[in-house]
Structure formats: structure tokens, C-alpha cells
Amino acid sequence: MAQQIDERNPFAIDPGDELPVGLQLTWRLRALIATGRLASGERLPSFRRLSEWAGVNVNTVRAVYAGLEREGLVVSRHGQGTFVADGIEAEGQLEEIATDALRRAHEAGLSPRELAMVAAACASMPGGLDEAAAEPAELPDPAGEAEAIGVRRELRRQIARLEAELGTYPGDLPRDLPTAPPRASAHIAGVEELERTRDTLIAQLSAAQRAAEQRARRAGRERLQEASPLERAMSWWRHKL
């Protein structure tokens, strides 16, 4: 099928890619939904319109939408179209993490496909993303306080989430804030120590978020010129509607 579509079109599918065209289109739509670029309740393009944009058969788009509906990501409404399902919790950090990884891969002379393959392989390996395997085994509690063990586990999970979120603000953390105490692998931190670490990270994250918001306001319209790929995709999409 000849494709006579805008070369900037973010939905143009590469028929020569090793991934099936339906899978390519599915991943693009899932990425837009997962990152919140396509919000809950938002209407997707019609079968025919998206097939023209992607350069694929209408039946391919119909199958892609059907697959997304089976996953609970979209819903079809008779006579109205297909919409992003209600209650989808978007993770904007996914886009930031992905674009940062792509920039680092580009700087290292690596291809995006290599990065994606290695990331998928690492995630599928035993212990790749298994929290239980990543977390050190809990040593027996001398006092047999099972409740304290549960509290420490929950605090460690909170600390891990805070550290991950704080990592998305590498240039926004004020230098004059206290830092969380280092943790040695052989040291079992008590509840109070973990609470201090958590509270310190909360203060750091709050300050970093404020700094990031101020930086974003200063950037103003310049941000549009440095839009991410998914942001550009949505700008193109909505301009065509």
C-alpha cells in the first residue's frame, strides 16, 4: 500500500521492520496511554483515519483496537467510536526514563532497538525485576517481633519508591538539604533509622519538585520546541483532528 502521508507523521509504520505492523501500532498506542498522553475518556481516531495515518489495512487497526480492549485499555461505544478506558493510571515518569535512556544510548553510539532488546531481556531474566530477589533476605528478629519486620519492609518499599522518584530530578535537588544516611548491606536498619531516611527523602523530593516546577515555568514556550517524541505525536494528532 502506497503511503502518501506527512513525513512527520508519528504513526507511519515501517513495513520492513522485523516487528509485525500491528504490534508496532499497538505499542505506540499503549505508550501514549501508559504515559497519560492519551488520557482516560479521550477518543481515539476512527479505524479508517488511523489506517491512513499508519499506512496499514483498516482490519489491522480494528484488530489493534480489539486487542487493547481485551487488555482493558480502551472501550468501544456503538455509534461513537473507541475511547481510552476510565480509571487508567498514567505513569508520566515512563516517558522521562525512556527518553533519558534513549539519549544515553545515542551518546554511546547504540541503537534504540539494541536498547529495547537488552532491557526486555534483562527484565525477563530470573531476578531481573523481581523485588523479592532484589531485596536482601530478612535476618531473624531477635525479639520475634513480626510486626516490626513488616514495618521495616514497608519503610524500605517507601524509601525505594522515593529514591526512584528523586532520581528523575537529577538537577533540581538543592545542595543545602540534608542527605539520607548511607546504608551498608550488612547493617539491618531499625524502624527509627528507616523513618529518618524516609523523611529526609520526602524533604529532598519536595524541594526538587518545587525547583523543577520553577524551572518549567521559566522555560515557558521554549518547551514546545524541545517536545518529547510522544508529545510531538499528540500535537500532530490533535492538529489533524
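Analyst: Let us begin with accessibility: buried means under 20% relative accessible area, exposed over 50%, and partly exposed in between (1.4 Å probe, protein chains only). D100, with a relative accessible area of 34%, is therefore partly exposed. This is a predicted model, in which local features need pLDDT of at least 70 and side-chain atom pairs count only at pLDDT 80 or more, while totals for chains, interfaces and linings use all residues. Residues are numbered from 1 along each chain as its sequence is written, and side-chain values use heavy atoms, without hydrogens or water.

User: With which residue does D100 form a salt bridge?

Analyst: A salt bridge is a side-chain nitrogen of Lys or Arg within 4 Å of a carboxyl oxygen of Asp or Glu. The partner of D100 is R103, with the closest N and O atoms 3.8 Å apart. Both residues belong to helix α4, where they lie 3 residues apart, about one turn of the helix. Helices here are DSSP runs of H or I with at least four residues, strands are runs of E with at least two, and both are numbered from the N terminus.

User: Which parts of the chain does the pair of E95 and R37 link?

Analyst: E95 is in helix α4 (residues 93-107) and R37 in the loop between α1 and α2 (47-54), so that distant parts of the chain, 58 residues apart, are linked. Their side chains meet at 3.0 Å, N to O. E95 is buried at 9% relative accessible area, whereas R37 is partly exposed at 22%.

User: How many salt bridges does the rule give?

Analyst: The count is 4. Among them is R30 with E71, whose closest N and O atoms are 3.5 Å apart. R30 lies in helix α1 and E71 in the loop between α3 and β1 (74-77), 41 residues apart. R30 is partly exposed at 37%, as is E71 at 42%.

User: At what angle do α1 and α3 pack?

Analyst: Axes are lines fitted to C-alpha atoms, for helices over the stretch in contact, and angles run from 0 to 180 degrees between N-to-C directions. Helix α1 (residues 21-34) and helix α3 (residues 58-70) pack at about 50 degrees, with axes 10 Å apart. Angles under 35 degrees count as roughly parallel, over 145 as roughly antiparallel, 65 to 115 as roughly perpendicular and the rest as oblique; α1 and α3 are therefore oblique to each other.

User: Which residues of α1 and α3 meet?

Analyst: Contact means heavy atoms within 4.5 Å. V21, G22, L25, T26, L29 and R30 of α1 meet T60, V61, V64, Y65 and L68 of α3.
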